[in-house]
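Here is a quick tour of a protein model, written for someone with the structure open on the screen. Have a look at the fold, then read on.

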Amino acid sequence: MKDIDQLIKDIESYYNVKIELNDPVLMWSRGYARCVDNIVVIKNNLSYSMTLKVILHEVGHIHCYRNKIYKNYHTFNSTDEYTSRLKYLTGLRAERYCDRFASHELKKWNYRMKYHFPYSDKILVEGYRTHYLSMFKTATTWQIKLK
Ligand SMILES: [Zn+2]
């Protein structure tokens, strides 16, 4: 296996993204993508295979952004009601799309590793709903109008 620094460099040039290792602020998740800036931020000190899998999932978000897939979910700066509502409603589907993307791309980088589809895991989905998705619901008033 190539070392992690070389792997990261190769992924950066293959997908034309910038990868930052960070020991963060990232509370419940292992990484995130800043699509507008073309940057993937990932926790450091993850295992080799976890680093690769998380990066590929986040590259999936940048792929979506570039190709206008789940467009509203990937429009991070927009907090208008319509966008927030769509983010809330389509978020999980968008995440699962990125899981499929990562699973597919993983074969290019390591044919032996298996991707585990975190967004099909009950506990992770619950955390995602509580810590991330809910902010789009509380940030707006659309849910009140539905009553
Ligand atoms: Zn994601």
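Predicted model: local features only at pLDDT ≥ 70, side-chain atom pairs only at ≥ 80, totals over all residues.

## The overall picture

A residue counts as buried here if 20 or more other C-beta atoms lie within 10 Å of its own.

The protein has 5 helices and 3 strands. As for how the chain comes back on itself, take the contacts between residues at least 6 apart in sequence: 49% of them join residues at least 24 apart.

In soluble globular proteins, nonpolar side chains tend to be buried together. In this model, the largest nonpolar core has 23 residues, and those with the most contacts inside it are Ile-19, Val-40, Ile-42, Ile-55 and Val-59. Helix H1 (4–15), strands E2 (31–34) and E3 (39–43), and helices H2 (48–67) and H3 (81–109) each put in at least two residues. H2 gives the largest share of this core, with 8 residues.

Ile-19 is a handy place to start looking around. Setting aside its neighbours within four places in sequence, Ile-19 touches Ile-8, Ile-11, Glu-12, Val-40, Ile-42 and Ile-55.

## H1 against H2

H1 and H2 pack with their axes 11 Å apart, at an angle of about 15°. Angles under 35 degrees count as roughly parallel, so H1 is roughly parallel to H2. The crossing of H1 past H2 is right-handed.

From H1, the contact uses Ile-4, Leu-7, Ile-11 and Tyr-15, and from H2 it uses Tyr-48, Thr-51, Leu-52, Ile-55 and Val-59. Sorted by type, the residues of this contact come out as 8 nonpolar, 1 polar and no charged.

## H2 against H3

The axes of H2 and H3 are 8 Å apart, and the two helices pack at an angle of about 120°. That makes H2 oblique to H3. H2 also passes H3 in a right-handed crossing.

On the H2 side you'll find Leu-52, Lys-53, Leu-56, His-57, Gly-60, His-61, His-63 and Cys-64; they meet a set of H3 residues including Ala-94, Tyr-97, Cys-98, Phe-101 and Trp-109. The residues of this contact split into 10 nonpolar, 4 polar and 3 charged.

## A few spots in the loops

Which residues have a positive phi although they are not glycine? Two examples are Asn-38, at about 70°, and Asn-45, at about 65°. For background, most residues other than glycine have a negative phi.

Asn-38 belongs to the loop between E2 and E3. It counts as partly exposed because it has 15 C-beta neighbours inside 10 Å. Asn-45 sits in the loop between E3 and H2. With 8 other C-beta atoms within 10 Å, Asn-45 is exposed, since the cut-off for exposed is 12 or fewer.

You'll find Thr-75 in the loop between H2 and H3, where it is partly exposed, with 17 other C-beta atoms within 10 Å. Thr-75 and Val-36 are 39 residues apart in sequence, yet their C-alpha atoms are 8.3 Å apart in space.

Methods. Residues numbered from 1 in each chain as written. Core = buried A, V, L, I, M, F, W, Y, C linked by C-beta atoms within 7 Å. Helix = DSSP H or I, 4+ residues; strand = E, 2+ residues; numbered from the N terminus. Contact = placed C-beta atoms within 7 Å. Axes fitted to C-alpha atoms, helices over the stretch in contact; angles between N-to-C directions. Parallel < 35°, antiparallel > 145°, perpendicular 65-115°, else oblique. Left-handed = near helix turned anticlockwise from the far one by under 90°. Nonpolar A, V, L, I, M, F, W, Y, C, P; charged D, E, K, R; others polar.
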